[in-house]
Amino acid sequence: MNQYDVAIIGSGPGGYVAAIRCAQLGMKTAIIEKYATLGGTCLNVGCIPSKALLDSSHHYEDAVKHFEEHGIDIPGEIKVNLAQMIARKQSVVDQTTKGIDFLMDKNKIDVYHGVGSFKDATHINITKEDGQETIEAKHIIIATGSKPSTLPFIKIDKERVITSTEALKLKEVPKHLIVIGGGVIGLELGQVYKRLGAEVTVVEYMDRIIPGMDGALSKELTKVMKKQKVQFNLSHKVKSVERKGDEVIVKADDKKGNEVTMTGDYCLVCVGRRPYTDGLNLEAAGVKMDDRGRVEVNDHLQTNVSNIYAIGDVIKGAMLAHKAEEEGTLVAELLAGQKPHIDYNLIPGVVYTWPEVAAVGKTEEQLKEEGVEYKVGQFPMRALGRSRASMDLDGFVKILADKKTDEVLGVHMIGARCADLITEGVTAMEFRASAEDISRMSHAHPTFAEAVKEAALAATADRALHI
């Protein structure tokens, strides 16, 4: 029987990063993955493939709608080759997962392909195609991630009624895609197919899209996507989804209780994700779960069984790849006797639509609820020279700072390249910077990042220069 210092079940961003960090710190490490490729949801059917399709569809939209304004004439008809687009997406996935294979070899991590389940607190049974193997580990990290959720009355047939997994490999552009759920995944994939020519209707139970983010971001993104001809049915409670041949009929009640019927050829169900613990046999190890099916952990991500830890989507908190990575690193360093930390308030959230939406820290709604006195500095992207040069005029940067101390409490932005710009906010808040600190930093001109400086100036005694 092979013995290890650490064994990790699941090879997504949390699992493989934990494995690498454990190996770097001198621990004999194994990783167990049920699928043929490493990388988990993120690399295979999540973050990476969706961004590939978002980029491809963005290029197509630019060619069709914007190149002429830039003085670029393309003779003939511009067509979507969806098969090639999906193939390119898959090549990006393949390159990325092969990169994880390389990192496992480089760090001398043993990889087991099969379903890992607990025999007891220190032994894992691995069920493979050619039989079963058992390994022993002093410490075990559960990193099994999450799966798409659905509603009890919806039957996902993976053909016309689909999840994000199937939406990444459609063989045709839908005529009318009905998206149930106005969160990150639904909006991103909805925008992909809207760009490619689909009619898109988003049905959301709450009264706004991206409901977990600052209300100003939700309002602006709704306005921009409506300009892009995406239809929104907000405050709608879906009550049935029925497939009839190549049609999908969705019925919902609006906020007044009136029944609304929508008919499309595809229905994308994006109502969140659930922790994935199927087949782990947690009972054999004595590991507890909470009432929402998540593995219970303490502040050190340790379960009630002292040598077993859990990270990522399978525990409480935001289901984000970068959160899982931070947690994987934290557990590895704790096992090595170090004293790492994670500030969950400083884990940024991003929506990769165009314009991009990004945020870190407290929202205005949260600060009001907590009774914190704050001030607001906001700057529109359209006031930037770089925005006008690139024709990316939508959006703004908003900085929330403590009214007395000027410490930055939250940064919320929507616009071009905000997924990258938000790191400036994370860095500032990690070092407890004030709005004035940011305003006194030199920002290159012309850049989108100047909007961050201008918002900081606006928060510092209303000193924005270019509005």
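**The second largest pocket and beyond**

A: Helix H3 contributes the most to the lining of the second largest pocket, giving nine residues. Keep in mind that this is a predicted model. The elements that supply two or more lining residues to this pocket are H3 (47-66), helix H7 (215-227) and helix H11 (385-390). The pocket has a volume of about 920 Å³. Sorted by class, the lining holds 13 charged, ten nonpolar and eight polar residues.

Next, the sheet. Five strands form an open sheet with antiparallel pairing. The strand order is E18-E19-E22-E21-E20. E18 (349-351) and E20 (374-380) are the edge strands. Each has a single partner strand, so one side of each lacks a neighbour in the sheet. On average, neighbouring strands are turned by 10° against each other, direction ignored. In general, strands of a sheet pair through backbone hydrogen bonds, in either a parallel or an antiparallel sense. Here E20 pairs with E21 (residues 396-402) in the antiparallel sense, over seven bridges.

Now the cysteines. A search of the whole structure finds zero disulfides. Cys270 is in no disulfide. The nearest cysteine sulfur to it belongs to Cys267, at 9.0 Å. That is not within the 2.5 Å that a disulfide needs. Cys270 counts as buried because its relative accessibility is 12%, and the cut-off for buried is under 20%. Cys42 also counts as buried, at 10% relative accessibility.

Thr303 sits in the loop between helix H8 (282-285) and strand E17 (308-310). Thr303 and Ile185 are 118 residues apart along the chain. Their C-alpha atoms are separated by 30 Å.

Terms used
Residues numbered from 1 in each chain as written. Predicted model: local features only at pLDDT ≥ 70, side-chain atom pairs only at ≥ 80, totals over all residues. Heavy atoms only, no water. Buried < 20%, exposed > 50% of the residue type's maximum accessible area, 1.4 Å probe, protein only. 1 Å grid on protein atoms, 1.4 Å probe; cavity = no way out; pocket = protein on both sides within 12 Å on 5 of 7 lines; lining within 4 Å. Points joined across faces, edges and corners; volume = space filled by probe spheres on them. Helix = DSSP H or I, 4+ residues; strand = E, 2+ residues; numbered from the N terminus. Nonpolar A, V, L, I, M, F, W, Y, C, P; charged D, E, K, R; others polar. Pairing = 2+ DSSP bridges. Axes fitted to C-alpha atoms, helices over the stretch in contact; angles between N-to-C directions.
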